[in-house]
Amino acid sequence: MDLEKPAREGSETQGSETRVDPRKRVPEPSAPPVRETAPEGCLAVAIRIPVRIVVLVLVVPVRMVWDALVVAGRFLNDVLLRPLGRALLWVGRAVFVWPFVGLWRYVVVPVAKALGWLGNVLLVVPVVWLYRYVLTPVGHAIAWVATGVARGVGAALGWVYSYLLTPVGRAVMWVLKGIGAVLAAIGVGAYTVVAWLARYLVVVPAVWLYTWVLAPVGRATVWCGKGLVWLVSTVVTGIGTALYWIARILLVLPALALWRWVLAPVGWVLAVIGREVLDALGHAWRIAGHISLAVGRFLATLFRWIFVEPVRWVYRSVLTPVGHVVRDTVLRPAAEAARSVGRATRQVLASARESVRQARADFRRMLFGEPARPQPVDLGEPSGREARTLGSSTTALTKD
């Protein structure tokens, strides 16, 4: 069942090398390059065959059930679901889509076009006419009047600005400039006095206090703080070093030994087993597919020989001759008799219709008489070719 294929492939891969011609020292063109794979251990080779056998035994029923479900699903889809879906789709279109399409096409669109035409005739055309022939001339007239008024008001305001507001504004600015100069002189004097007082009453004492009191006190405080920080850091470093070595000896080294000598080998073994189980599942699934295909073909062949072929033989050897006999002895004479009856019935109906038509015509003649027949009108022309005599003429001057 091709369970040793990967092992054989690995052994062939390990043993294959590029053949080199000893005279030319170049690889021969017939030898393709071979990809080298990592060598497999004895554990993988030892667990491969049992795992694949067990997995194959477990997977074959699952694959056969899966293939049977797939075949049943395809049969149901082709026979039931797809026609049912098409029927439901047609019903949905007939119930939901086509009525709305017809309503939109034959009701909404014509009504909308009619309403649009009415709106255009009743609203748009009068509004356009009103705007073009009423509002536009009125607006032009109002704009012309407003332009004239604006020009007059602008001229008046320009005269007031030039000859009244400008001189008054210049005088006000001159007065404000004088007041500003006086206020600036007063402010400069007050600023000078305040700056002198602040320098000799605040700044000089503050500089003396910082130079001779605060600076020495701050240096002493910084020196004490540095010493305290050094002491604390030394104590913390010693405690941390002790804790580090304690944790390394009590926790890290045992954990490292546990990982290196217990967990890593167990994990490697579990990884090998898991890889082999996955490979075995893949191979078993493919082999189960071939087995399921063979079983399906065997069952199909068995069904054909047990049911289809007998039914076909019965149809060809029994039902077809019987059908031909029934057709030739029963159906064709019955069809011919039916056609004869149909022809006779049609003839009887035609005779009955003709009799009814004649009786109706006789009844009409009896009540109203013979209808008036049109009389031929004599136009003076000879009805036929006659022999010419002394008293006859064909000219219009000698005609009676």
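Biologist: OK, how many helices and strands does the chain have?

Modeller: The chain has two helices and zero strands. One of them, helix α2, covers residues 42-368.

Biologist: And what does the confidence look like, on average?

Modeller: The average pLDDT for the chain is 79, and 80% of the residues score at least 70.

Biologist: Where does pLDDT stay under 50?

Modeller: Residues 1-38 are under 50 throughout, and the model has 28 contacts beyond four places in sequence for that stretch. Residues 395-400 also stay under 50, with one such contact. Where pLDDT is low, the predicted coordinates should not be read in detail.

Biologist: Got it. What share of the residues count as buried?

Modeller: Of the chain's 400 residues, 7% count as buried. The chain exposes about 34,300 Å², and carbon and sulfur atoms supply 72% of that area.

Biologist: What about contacts across the sequence, how many join residues at least 24 apart?

Modeller: If you take contacts between residues at least 6 apart in sequence, 68% join residues at least 24 apart.

Biologist: Is L278 buried or exposed?

Modeller: L278 sits in helix α2, and it counts as exposed because its relative accessibility is 58%, with the exposed class starting over 50%.

Biologist: Then which residues make up the largest nonpolar core?

Modeller: Nine residues in all: V51, V55, L56, V59 and V60, together with A280, A284, I287 and A288. Take A288 from that set: leaving out neighbours within four places in sequence, A288 contacts V59, V60 and R63.

Biologist: Are R63 and D67 buried or exposed?

Modeller: R63 is buried, and D67 is buried too.

Biologist: What else touches R63 and D67?

Modeller: S292 does. Not counting residues up to four places away in sequence, S292 touches R63, M64 and D67. S292 is in helix α2 as well.

Biologist: Why does S292 count as buried?

Modeller: S292 has 10% relative accessibility, so it counts as buried, the limit being under 20%.

Biologist: Back to salt bridges, how many are there?

Modeller: The count comes to nine salt bridges. One of them joins E309 and R312, with the closest N and O atoms 3.5 Å apart. E309 and R312 both lie in helix α2, three residues apart, which is about one turn of the helix.

Biologist: How exposed are E309 and R312?

Modeller: E309 is partly exposed, with a relative accessible area of 22%. R312 also counts as partly exposed, at 37% relative accessibility.

Biologist: Which residues are linked in a network of salt bridges?

Modeller: R327, D328 and R332 are linked that way. D328 and R332 are four residues apart in helix α2, about one turn, and D328 counts as partly exposed at 38% relative accessibility.

Biologist: Switching topic: how many aromatic pairs does the search find?

Modeller: The search of the whole structure finds five aromatic pairs. Among them, W129 and Y133 form a tilted pair, 5.9 Å centre to centre with 40 degrees between the planes. W129 and Y133 are about one helical turn apart, because they are four residues apart in helix α2.

Biologist: What about Y244 and W245, what sort of pair do they form?

Modeller: Y244 and W245 are edge-to-face, with 5.5 Å between the centres and 75 degrees between the planes. Y244 counts as partly exposed at 46% relative accessibility, and W245 counts as partly exposed, at 46%.

Conventions: Residues are numbered from 1 along each chain as its sequence is written. This is a predicted model: local features need pLDDT of at least 70, side-chain atom pairs count only at pLDDT 80 or more; totals for chains, interfaces and linings use all residues. Side-chain values use heavy atoms; hydrogens and water are left out. Buried means under 20% relative accessible area, exposed over 50%, partly exposed in between (1.4 Å probe, protein chains only). Contact means heavy atoms within 4.5 Å. Rings of Phe, Tyr and Trp (its six-membered ring) pair if their centres lie within 6.5 Å; planes under 30 degrees apart count as stacked, over 60 as edge-to-face and the rest as tilted. A nonpolar core is a set of buried Ala, Val, Leu, Ile, Met, Phe, Trp, Tyr and Cys residues joined through side-chain atoms within 4.5 Å. A salt bridge is a side-chain nitrogen of Lys or Arg within 4 Å of a carboxyl oxygen of Asp or Glu. pLDDT is the predictor's confidence in each residue, from 0 to 100. Accessible areas come from the Shrake-Rupley method with a 1.4 Å probe; for residues, only the protein chains shown count as cover.
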